[in-house]
Amino acid sequence: MLRRQAIGAFRRKVFGIGGWQVAIFAGLLCGATSLRAGTPVTLKVAGDWRVEAAVSVSSDGKQAAATVAVPAPTIVEVKAEKYGSLPEFNPKAAGWRRGTVLRGLLACECSATDLLLPESVEVFGASGDSPTRYERGKDYEIDPVWGTFGRLPGGRLRAEDPVAVTYRHGLLRLDSIVLGADGRIVLRAGTPHAATPLPPPVQEGERRLGNVWVPGPIPRLTPQHLFPVLEEAYPELPKPSPSPAERLLPKTFAKLRAGQPVRILAWGDSVTVGTFVPDYEHQRWQGQFAARLRAAMPSAKIEMLTEAWGGRNTSSYLAEPPGSPHNYREKVLAVRPDLVVSEFVNDAGLGPAQVEERYGRLLADFRGIGAEWIILTPHYVRPDWMGLDREQQIDEDPRPYVAGLRRFAAKHQVALADASLRWGRLWRQGLPYRTLLVNGINHPDARGMKLFADSLMALFP
């Protein structure tokens, strides 16, 4: 609680951000990597695809300034993309499951949203000399947001009919405004991607002033597309002594320090399953956490177990009968972990009172088997799923679930690894947080997984 208040008070005092203009203050947050002391930067939309940038480059106030042209959104034209057959369009399913995903919109496990130009879609028969042109609304339907399509009952398309599809779609791009070693300000375009665009690399002697977010086929730039770099790293506060791990996880910490075997159970949903991340055994959050904990405490003997169930939450586990692959008592309690680390973004529908009731039951069970507990607060997911209409100035997580977790942990003296705080500050590092979601919805990439590991390691000395 004190940590959150300190960061919030600092933000209100120093980063009074309004409109399009932003100041970069270096070295003011304890532990933050400074950019260059006393060098405020301003970014301003100067036209549909132009940005004014200025930065102080000397102690006497001398500035480098430039207006840079931002490339228009990347539009890809796809011609005669072939599909052997189409499922029936299901308007009642989730958007990414209503039909076949257009291949140009494929994101990890689903489709990228708001990239399709729906008026460009044309569907033809893929066999015969005179292919039939099919009609939307009669023969097939398409979800214009998710880019999934399928045949309609009563139309001319049969289940076995192959089709060819022509369409246009945008891609996501993250461009950077860079101060070069020669003192000139330039724009460097990023590589377009359907889900996780990376900012372009910065060379030695250069400095990234900010990023320009081009989220698909937008008509023009607005202030919400400008992401100046306010801080280069999360502002780690000095660790107290004793550390949270020593105070709240005394048995686990003592075993780690003494080199005794410690069994840690990573318990969660699809984010803890993590198989969507390359080299997932090492790159999902529990793998990164275990590796870093071993490096910090070389004598530690850590056994990291995972029990995770995609698309489910704590209620799902509690409802499973004996013998089920995900029965709570058999798969969580019966393995007798020394430490449980739980991650459940799928619990985000709970309010504070429900957190108190549900998590209170879990806490009693864990203490009953002698286990200690770290609760991971969840990452940020699709803005509309969180009630957000922006990806800037979002330090405070709006979800009642997160507030409930913080309140519960403080009340019951349970260790809290507050990953949500780190996700909420990504915009200060010039990153729209959606660019860390491999499916554009709720599955973090390896960088996002690292934020969980960072929050866990912050508990240890």
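Buried here means under 20% relative accessible area, with exposed being over 50% and partly exposed falling in between (1.4 Å probe, protein chains only). The model is a predicted one, in which local features need pLDDT of at least 70 and side-chain atom pairs count only at pLDDT 80 or more, while totals for chains, interfaces and linings use all residues. Residues are numbered from 1 along each chain as its sequence is written, and side-chain values use heavy atoms, with hydrogens and water left out. Helices (H or I, at least four residues) and strands (E, at least two) are DSSP runs, numbered from the N terminus.

Strand 15, spanning residues 207-215, is mostly covered, with eight of its nine residues buried. Pairing of two strands is called when DSSP finds at least two bridges between them. On that basis, strand 15 pairs with strand 13 (residues 172-179) in the antiparallel sense, over eight bridges. Strand 15 is also joined to strand 16 (residues 226-228), again antiparallel, this time by three bridges.

Strand 2 (residues 50-56) is another mostly covered strand, five of its seven residues being buried. Strand 1 (residues 41-47) pairs with strand 2 in the antiparallel sense over six bridges, and the two make a hairpin with two residues between them. Within this pairing, V45 sits opposite V51. Strand 2 then runs antiparallel to strand 3 (residues 63-69), to which seven bridges join it; here A53 faces A66 of strand 3. The hairpin of strand 2 and strand 3 has six residues between the strands, and G61 takes a positive phi near 90° in it.

Next comes an open sheet of four strands, with the order 4-12-8-9 and antiparallel pairing. Its edges are strand 4 (75-83) and strand 9 (133-134), each of which pairs on one side only. Strand 8 (residues 116-125) and strand 12 (residues 163-170) pair in the antiparallel sense over six bridges, and H169 in strand 12 is the bridge partner of L116.

Turning to the helices, helix 6 (residues 285-296) packs on helix 12 (residues 446-457) at an angle of about 45°, with the axes 8 Å apart. Axes are lines fitted to C-alpha atoms, for helices over the stretch in contact, and angles run from 0 to 180 degrees between N-to-C directions. Helix 6 and helix 12 are therefore oblique to each other, given that angles under 35 degrees count as roughly parallel, over 145 as roughly antiparallel, 65 to 115 as roughly perpendicular and the rest as oblique.

Helix 9 (residues 352-368) and helix 10 (residues 400-412) cross at roughly 45°, their axes coming within 9 Å. Helix 9 and helix 10 are therefore oblique to each other. Among the residues making the contact are Y359, G360 and L363 of helix 9 and Y401, G404 and F408 of helix 10. The contact divides into eight nonpolar, three polar and four charged residues.

Terms used: Contact means heavy atoms within 4.5 Å. Ala, Val, Leu, Ile, Met, Phe, Trp, Tyr, Cys and Pro count as nonpolar, Asp, Glu, Lys and Arg as charged, and the others, Gly among them, as polar.
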